[in-house]
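Let's take a walk through this structure together. Have the sequence and the model side by side, and follow along as each part comes up.

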Amino acid sequence: MINSLYQLANKGSLRTLSFILALTLTIFFFFNVNQFATQLRAVEFYYVFALIWGTVVLWIHGIGFDIRAVIWRAVFMPWVGYVASVISLLNNLLT
């Protein structure tokens, strides 16, 4: 099941989407460091962890790193990065 979920996201267009989302999150972070620092102090630790983990997963997937072991495919599942990035982008754009 992990392999089939990973293969769904292992397409060129979704890798490009991963790269663009990771780049966007990183740019938002660097240009709004004070706002991010203020917002991240007020939220739960799990939200901050999901934001950072999602960005890392999207960078790994967007650059094109090929993961072969099933356990690491489960850890670096791109769908987790998509969910975390959409939630954080919406939160950043709405505030």
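How many residues does helix H2 have, and how far does it reach from its first C-alpha to its last? H2 covers residues 12–31, which makes 20 residues, and it reaches 28 Å, close to the 28 Å expected at 1.5 Å a residue. Please keep in mind that this is a predicted model. The mean pLDDT of the chain is 83, and 95% of its residues reach 70 or more. Confidence is lowest in helix H3 (residues 33–42), with a mean of 71, and highest in H5, with 89.

Stay with H2 for a moment and look at its buried residues: Leu14, Arg15, Ser18, Leu21, Ala22, Leu25 and Thr26. Viewed down the axis of H2, these buried residues fall within an arc of 130°, so they line one face of the helix. The general rule behind such a pattern is that an α-helix has 3.6 residues a turn, so residues three or four places apart point the same way. On the face of H2 turned away from its buried side you will find the exposed residues Gly12, Ser13, Phe30 and Phe31.

Where does the buried side lead us? The largest nonpolar core has ten residues: Ala9, Leu14, Leu21, Ala22, Leu25, Phe36, Leu51, Leu58, Tyr82 and Leu89. Two or more residues of this core come from each of H2, helix H4 (45–63) and helix H6 (78–94). H2 is the element that gives the most, with four residues. Another core lies apart from this one; it has five residues, including Tyr6, Ile67, Phe76 and Met77.

Setting aside neighbours within four places in sequence, alanine 22 is in contact with Thr55, Leu58 and Trp59. Alanine 22 and leucine 90 are 68 residues apart in sequence, and their C-alpha atoms are 14 Å apart in space.

Now look back from the other side of that contact. Threonine 55 has its place in helix H4, and at 15% relative accessibility it counts as buried. With neighbours within four places in sequence left out, threonine 55 is in contact with Ala22, Leu25 and Thr26.

The aromatic rings come next. How many aromatic pairs does a search of the whole structure find? The search finds five. In one of them, the rings of tryptophan 53 and phenylalanine 76 have centres 5.3 Å apart and planes at 15°, so the pair is stacked. This pair links distant parts of the chain, with tryptophan 53 in helix H4 and phenylalanine 76, 23 residues away, in the loop between helix H5 (70–75) and H6. Tryptophan 53 is partly exposed, at 27% relative accessibility, whereas phenylalanine 76 is buried, at 18%.

Phenylalanine 76 has a further ring partner. Its ring and that of tryptophan 72 have centres 6.1 Å apart and planes at 25°, so this pair is stacked too. Tryptophan 72 counts as partly exposed, with a relative accessibility of 47%. To finish, find Phe49, Trp53, Trp72 and Phe76 together in your viewer: they form one aromatic cluster.

Key. Residues numbered from 1 in each chain as written. Predicted model: local features only at pLDDT ≥ 70, side-chain atom pairs only at ≥ 80, totals over all residues. Heavy atoms only, no water. Expected span 1.5 Å × (residues − 1). Buried < 20%, exposed > 50% of the residue type's maximum accessible area, 1.4 Å probe, protein only. Arc of directions from axis to C-beta. Core = buried A, V, L, I, M, F, W, Y, C linked by side-chain atoms within 4.5 Å. Phe/Tyr/Trp six-rings, centres within 6.5 Å; stacked < 30°, edge-to-face > 60°. pLDDT = per-residue confidence, 0-100. Contact = heavy atoms within 4.5 Å.
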